[in-house]
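This report describes the fold and packing of a single protein chain. The sequence and coordinates come first.

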Amino acid sequence: MNMIKIIALTATLVAGVSAASANPYNTMGGVNSLQAIQEASGATVLSINSNEAISLARDTDVASVQALVKNNKWLVETIERQGYTVDQIVGVSGEQNSLTLYAL
């Protein structure tokens with residue numbers, strides 16, 4: 001019985017450490033999300049604070065994200081309708097049909 005408790009506790013701790021170390025803004029992986037920017041016709045823009053932007057910067061090349069967004073006129077229009085500018089975009093997650101852009 002004690003061995004089962006030890007195994008269960010170990011599994012729980014390992015899962016908790018994995019979840020804590022995951023970046024919440026890189027849900028699809030950088031390459032997939034960057035490709036989705038080129039294909040998307042719309043996106044949700046979420047405002048993040050500077051601490052969240054620092055976390056996001058570990059997985060994101062902001063200049064690349066902004067360049068790809070600038071080349072997609074539908075996303076530029078979507079961003080502006082939501083009250084943001086392309087220069088405020090600092091990250092991306094998701095895929096073509098559920099793209100999320102993060103603005104500072």
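The model is predicted, so local features need pLDDT of at least 70 and side-chain atom pairs count only at pLDDT 80 or more, while totals for chains, interfaces and linings use all residues. Residues are numbered from 1 along each chain as its sequence is written, and side-chain values use heavy atoms, with hydrogens and water left out.

## Layout

The secondary structure comes to five helices and three strands; helices (H or I, at least four residues) and strands (E, at least two) are DSSP runs, numbered from the N terminus. From the N terminus on, the elements run α-α-β-α-α-α-β-β. Of the 104 residues, 34% count as buried, where buried means under 20% relative accessible area, exposed over 50% and partly exposed in between, with a 1.4 Å probe and protein chains only. Among contacts (heavy atoms within 4.5 Å) with a separation of 6 or more, 70% come from residues 24 or more positions apart.

## Sheet

The three strands form an open sheet with mixed pairing, in the order β1-β3-β2; two strands pair if DSSP finds at least two bridges between them. The edge strands, each pairing on one side only, are β1 (44–47) and β2. Neighbouring strands are turned by 30° against each other on average, direction ignored; axes are lines fitted to C-alpha atoms, for helices over the stretch in contact, and angles run from 0 to 180 degrees between N-to-C directions.

| Strand pair | Direction | Bridges |
|---|---|---|
| β1 and β3 | parallel | four |
| β2 and β3 | antiparallel | four |

Val 45 has Leu 101 of β3 as its bridge partner, and Ile 89 is partnered by Ala 103 in β3. The hairpin of β2 and β3 has six residues between the strands, and there Gly 94 takes a positive phi near 100°. In β2, five of five residues are buried. Helix α4 lies across β2 and β3, running at about 80° to β2.

## Cores

A nonpolar core is a set of buried Ala, Val, Leu, Ile, Met, Phe, Trp, Tyr and Cys residues joined through side-chain atoms within 4.5 Å. The largest has 18 residues, and those with the most contacts inside it are Ile 37, Val 69, Ile 79, Leu 99 and Leu 101. At least two residues of this core come from each of α2 (30–39), α4 (62–70), α5 (73–81), β2 (89–93) and β3 (100–103). A second, separate core has five residues, including Ile 48, Ala 53, Val 90 and Tyr 102. Beyond four places in sequence, Ile 37 is in contact with Val 65, Leu 68, Val 69, Asn 72, Leu 75, Val 92 and Leu 99.

The buried residues of α5 are Leu 75, Val 76, Thr 78 and Ile 79. Seen down the axis of α5, these fall within an arc of 165°, so they line one face of the helix; the arc is that of the directions from the helix axis to the C-beta atoms. The face turned away from the buried side carries the exposed residues Lys 73, Glu 80 and Arg 81. After α5 comes Gly 83, with a positive phi near 90°.

Val 86 is found in the loop between α5 and β2 and is buried, with a relative accessible area of 10%. Not counting residues up to four places away in sequence, Val 86 touches Gln 66, Val 69, Lys 70, Val 76 and Ile 79. The C-alpha atoms of Val 86 and Lys 70 are separated by 6.8 Å, with the two residues 16 apart along the chain.
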